[in-house]
Every structure is written in structure tokens, then in C-alpha cells.
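Here is a short report on one protein model. Look at the structure first, then read on.

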Amino acid sequence: MYLISKIWLGYGLISVFFSAFLVFVISTSPLSNQSFYRLIVIHLVIVILSWINSWPTRVVWTEDAPYFAKALYDHTPRLFSLFMFLGIAFCHIQSWSSIVICVNRLRTANPEKYEERNKWWNRWFILIYVIVIVLSLLAAHYLAITPTVRFYEETGKFGYVIWDLADGIMQIFFLVVFLGLYILISLIFGCIAVCKIKKHQDGEFHHSSLVTLVHIFLRVFCLTLLLCSFFLQVEDFTVEMMITIFDLMTFSMTYIILFYDESVREAIRSSCTSETVDGR
């Protein structure tokens with residue numbers, strides 16, 4: 001296994017552990033009554049599934065574990081296309097999930113209307129995510145061109161093939177448009193959230209607000225890096241750079257919560273304390 005793959009794997013496994021731990025802690029604490037943390041739980045589940053789904057594609061790109069990839073390809077060749085299709089869908093889902101969390105925070109920033117709006121979000125958040133997932137799957141199907149994975153017997157290596165030049169141009173067009181669109185939408189809602197939160201919280205950012213703003217603007221930064229790295233001409237470096245940025249962006253919410261959210265840290269301490277008491 002290449003060094004970069006070991007780094008991806010190590011960082012990813014640690015991040016998956018922390019993400020799953022946060023899902024458990026939040027779901028079993030009073031924080032689960034707040035719509036903001038319910039959205040966080042769904043987002044963390046999405047990023048875990050997204051990271052797991054990305055690995056078959058990485059194996060092909062990096063040529064790691066060639067025997068595993070070849071065995072999987074011989075058994076079900078179309079499975080790689082499914083992984084890539086889901087990977088595109090997960091990129092859309094993650095972007096919209098971050099935007100939904102930002103909208104939730106700016107809508108619940110007003111203390112006078114918090115209870116009413118929190119109830120609304122608790123009632124409809126599942127439907128909102130169902131709509132996000134369905135639209136993301138449709139976008140991945142109709143507004144993206146999934147490359148075909150092909151194994152070249154003469155070289156013993158895998159490759160991605162887009163059979164038509166027009167399809168390749170359309171793929172680049174869709175990628176640039178969607179990255180630019182998500183950067184713009186995230187910036188707009190992030191700036192609106194800053195203004196709303198400052199107005200209703202006396203210029204101070206509470207932990208949940210700080211988590212939201214750091215996450216949305218960090219995601220804008222990572223999406224911008226992805227867009228820039230796409231235009232680099234060094235193919236192998238470009239792919240490795242894009243995957244690395246994707247990993248950092250994927251698990252950014254996990255570490256932001258751990259470092260900035262005092263309510264979650266208190267829930268972790270309470271959970272550990274209760275487990276210690278039960279153990280005695």
C-alpha cells in the first residue's frame with residue numbers, strides 16, 4: 001500500500017470512529033431534542049457512508065490492492081460504476097446537508113422564536129433530507145457522466161474511460177458549475193447567518209453558531225481548493241490532492257464539533273461519568 005493510501009486510511013478510520021462516537025453520544029443525550037443536533041447526527045452518518053463508498057474508487061486510482069480490485073471487477077464489473085455514481089451523489093448530499101445545517105442555525109438564532117422553529121425543524125427534518133437525497137441521486141444520474149471502469153489485460157492496470165469527447169466536456173462543465181454553485185450558495189447563506197446570529201446573540205457566537213459558521217466557511221475553502229486543483233496538469237498529483245481535500249472536508253464537522261462545541265463535550269463527559277457509575 002502506498003504511503004498516501006496509508007495516510008488516507010489512518011485518518012479515515014480515526015475520523016469514522018470519532019464520528020460514530022459523536023452520533024452515539026448526541027443520540028443518547030438531551031441534545032437530541034434540538035433540531036440542530038439531529039441534523040448533525042444525520043450529517044455525520046452521511047459522511048461515514050460517503051468515506052466508505054469512496055474506497056473502491058481509490059483502489060482503482062492508486063492501484064493499491066490490485067488483487068482485491070481485480071477479483072471484485074471479475075465478479076461484478078458494474079459495481080465500480082455504482083460506487084462512482086454513489087460518490088457523485090454523496091458529494092451533492094454533503095453540500096446540501098451543510099447548507100441545510102446553516103439554514104437551520106440562522107432560522108433558530110432568534111431566542112424569541114426558537115421553540116416554535118425548533119419544533120418545525122424537528123417535525124420536518126427527515127422529509128428535508130429525503131428530498132435532498134432524492135434530488136442528489138437525480139443530479140448524479142442526469143447531470144453527471146459516470147466514467148466506465150476498464151481493466152487492461154495488456155498492462156494489468158485499471159483505467160477510467162469516457163467514450164465520447166462531448167461527454168468528457170460535459171463532465172468538466174457539470175463539475176465546474178456545481179462546485180461554483182455550492183461555493184456561491186454556501187457563501188451567501190454563511191454571510192446571512194453571520195448577520196442574523198450577530199443580531200440576535202448580541203454580537204457573540206454561541207458554540208452551535210460557531211460550529212455552523214466554521215464548518216460552512218471551511219467547506220467553501222475546501223470546495224475552492226477542489227476547483228483549483230481540478231485545473232492542475234499533473235494528473236497523479238491532482239487526483240491525490242483532490243482525494244486529500246475531499247477527506248479533510250468530509251470529516252471537518254466531526255473535529256469542529258469536538259473542538260468548539262461545549263455542549264457536546266459536556267454530553268461526552270456525562271456519558272463517560274454515567275458509564276463509570278454503572279460499571280461500579
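## Ground rules

Helices (H or I, at least four residues) and strands (E, at least two) are DSSP runs, numbered from the N terminus. The model is predicted, so local features need pLDDT of at least 70 and side-chain atom pairs count only at pLDDT 80 or more, while totals for chains, interfaces and linings use all residues. Residues are numbered from 1 along each chain as its sequence is written, and side-chain values use heavy atoms, with hydrogens and water left out.

Phenylalanine 80 lies in helix α4. Phenylalanine 80 is buried, because its relative accessibility is 2%. Buried means under 20% relative accessible area, exposed over 50%, and partly exposed in between (1.4 Å probe, protein chains only). Valine 60 is 20 residues away from phenylalanine 80 in sequence, and 9.0 Å away in space, C-alpha to C-alpha.

Now take tyrosine 142. Helix α5 holds tyrosine 142. Tyrosine 142 is exposed, because its relative accessible area is 60%.

## The second largest pocket

A pocket is an open set of points on a 1 Å grid over the protein atoms alone, where a 1.4 Å probe fits, with protein on both sides within 12 Å along at least five of seven lines; lining residues have an atom within 4 Å of a point. The second largest pocket has 18 lining residues. Nearest its centre lie Gln34, Arg105, Thr108, Tyr114 and Ser208. Two or more lining residues come from each of α2 (35–62), α4 (78–107), α5 (114–142) and α7 (207–230). Helix α2 gives the most, with three residues.
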